[in-house]
Amino acid sequence: MEYCKLNIKSSFSLFALLTALFITVIPNQKAFAQVCLCPCEIPLDYAATVLHPATNDHITEGFLYLQDWMTNDFFERYILPSYMMWAEHFGVTTAWQVAEFAKMVDARQQAETQRVFQELQAEAHSDYHPSESLCRVGTNMRSAASSQRLADLNAHVIATRQMHRLNQTGDTIALDGRNSDVLSRLEQWRTDYASPNDNTPDGFRPLVGAGGPVDRHNMDVTMPLLDDAALTREYNFTNASAGLTQDEEDVFALGVNFIGHRAPSQVPSAFLAGASGEQLELAQNLVVRRDTLTARRSVLVYSASATWGSLGEGAPESQPYHYAAYQDSTGLDNAEIEQRIGTSPSGRAQADYRTNTMLQDPNYTASLQGETPANISRMNASLLIDQAGQKQQIIKILERIAMNRAVAAAYHLDKRKDRVRNEINALTQRGDSR
C-alpha cells in the first residue's frame, strides 16, 4: 500500500517537472526564431523560409517524442503498474469487506434463528404438563405398528396353508387326494369339534360318542369375527418350533370348512405323461379348470385370512399398559380383561380400545376440560395419526370387498353361460333354427 502511494506521488511529480521544462523550452525556441543575438541581421525571407519551418519541425518532433515517451515509457513503467496495483488492492479490499459484512449478516440470522428455537423450547417446557389422558393416548399407540405387522404375518401364514391345500402342495391333509382330505377332517372333527347334541333328535353320539371338549364344540364352523367376546385369539406364528395352539388349530379347521370344503381332484400322472393326444388334451382341460377355480378361491382365502390374522396376538410388551387402561376405563379385573383382549392384545383389540372404549369413558371426556391447549393439540395429532391408519385398513377392506364381488359376478356369469350353452345345444339337437 505504501509502495503504491510512493509510485503515484513520484509519477505525478515527474510529470509536473517535465511539463514545466517543456513550457520553458517553447519560448526559447520562439526567441531563437525571431530575435537575433548576433550583431548581423537575418533577412526576413530567410527567416520565413528556413528558420520558421525548422522551428515548427523541431516543436513537432518534440511533441511526438513527448507523446511516445508518455505512452510507452512513463505510462507503462509508472502509471500503469500503479493503476494495476491499485485495482488489485481495491478488488481484494472490496472482497474482504463483503466477506466481513456477510459474516455479520450470517451471525445476525443465526442469532435470530437460535432465539426462535429458544423461544419455542421455552414455550414447550412451560406448556408441557403430561397428564393421564395424554399418557393414555400415547401409550396405547406405542405398539400399534408392531401389532399390525404381526397381524399381517398371521394372515400370510393362514392364507399360505390354505393355498397349499388347494394346490395340493407340500405335506397337507390333501396330499393323497380328496379322500385323504375328507378322512383327516372327519377324524379331527370327531376328536376335537363334534358336539353329540347336534343333529337332533338322535344326535351324533353313535358316531362320535362323547365328542370333543365342550369349549371347542363347533369351533371349526364358528367365524371368529362374529364372536365378539374375545378380541384376541391365541395364535402367533413367529415361533416355528412351538406346537400349534387350540386357536391355531381352530382357525385352520375353519378355513378348510369355509373355503374349498372339497379339495380339488388330482390329475392322474398317466394323463400328464402324454401317452396319447386325447389324454394330454383332457389333462390340459382339467388343469385349466382347476387353476381357474383355485384362483377364485384364493380371493376368498386372502380376504378371510386378513380378518382372522388381525385377531392374532400382538406385541407382548404392551400388555401392562393396555390392562391398566382397560381397568381405568371399564373397571374390569385382570381375569375379565384377559378374557376380553388376551395376554398379548391383538391389533384389533388395541384399535377397539382407541376408537371405542377410551372415547366412551366419561372420565376421559371430563379430563379434557382441564387440559392445556398444548396437550389437546398433542392428543389431536395422535388421534389423527391413528385415524390415518384406520383409513388405510378401511381401504384394504374395500379392495377385498371389490375382489369378492368380482368373483361372485364371475360365478354368476359362468352359470348364465352354461345355461345359454345348454339352450343352444338343445336347439341344435332338435334342429330348430329359431
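This is a predicted model: local features need pLDDT of at least 70, side-chain atom pairs count only at pLDDT 80 or more; totals for chains, interfaces and linings use all residues.
A residue counts as buried when its relative accessible area is under 20%, as exposed when that area is over 50%, and as partly exposed in between.

**Helix α7**

Helix α7 comprises the 13 residues 246–258. Several residues of α7 are buried, namely Glu248, Asp250, Val251, Phe252, Ala253, Leu254, Gly255 and Val256. Just after the helix, Gly260 adopts a positive phi of about 65 degrees.

**Salt bridges**

Side chains of opposite charge can pair when their charged atoms come close. The structure contains nine salt bridges. Some of them are listed below.

| Salt bridge | Distance, N to O |
|---|---|
| Arg115 and Glu119 | 3.5 Å |
| Glu249 and Arg216 | 3.2 Å |
| Asp250 and Arg216 | 2.9 Å |

**The pair within helix α2**

Arg115 and Glu119 both belong to helix α2, which covers residues 44–127. The two residues are four positions apart, about one turn of the helix. Arg115 has a relative accessible area of 56% and is therefore exposed, whereas Glu119, at 45%, is partly exposed.

**The pairs around Arg216**

Arg216 has a relative accessibility of 6%, which is why this residue counts as buried; the cut-off is under 20%. One of its partners is Glu249, with 3.2 Å from N to O. Glu249 is in helix α7 and Arg216 is in the loop between α6 (205–208) and α7, so this pair ties together parts that are 33 residues apart in sequence. Glu249 is partly exposed, with a relative accessible area of 26%.

Arg216 also meets the side chain of Asp250 in a salt bridge, at 2.9 Å from N to O. Here too the pair links distant parts of the chain, with Asp250 in helix α7 and Arg216 in the loop between α6 and α7, 34 residues apart. Asp250 and Arg216 are both buried. Through shared partners, the salt bridges join Arg216, Glu249 and Asp250 into one network.

Methods:
Residues are numbered from 1 along each chain as its sequence is written. Side-chain values use heavy atoms; hydrogens and water are left out. The expected span of a helix is 1.5 Å times one less than its number of residues. Buried means under 20% relative accessible area, exposed over 50%, partly exposed in between (1.4 Å probe, protein chains only). A salt bridge is a side-chain nitrogen of Lys or Arg within 4 Å of a carboxyl oxygen of Asp or Glu.
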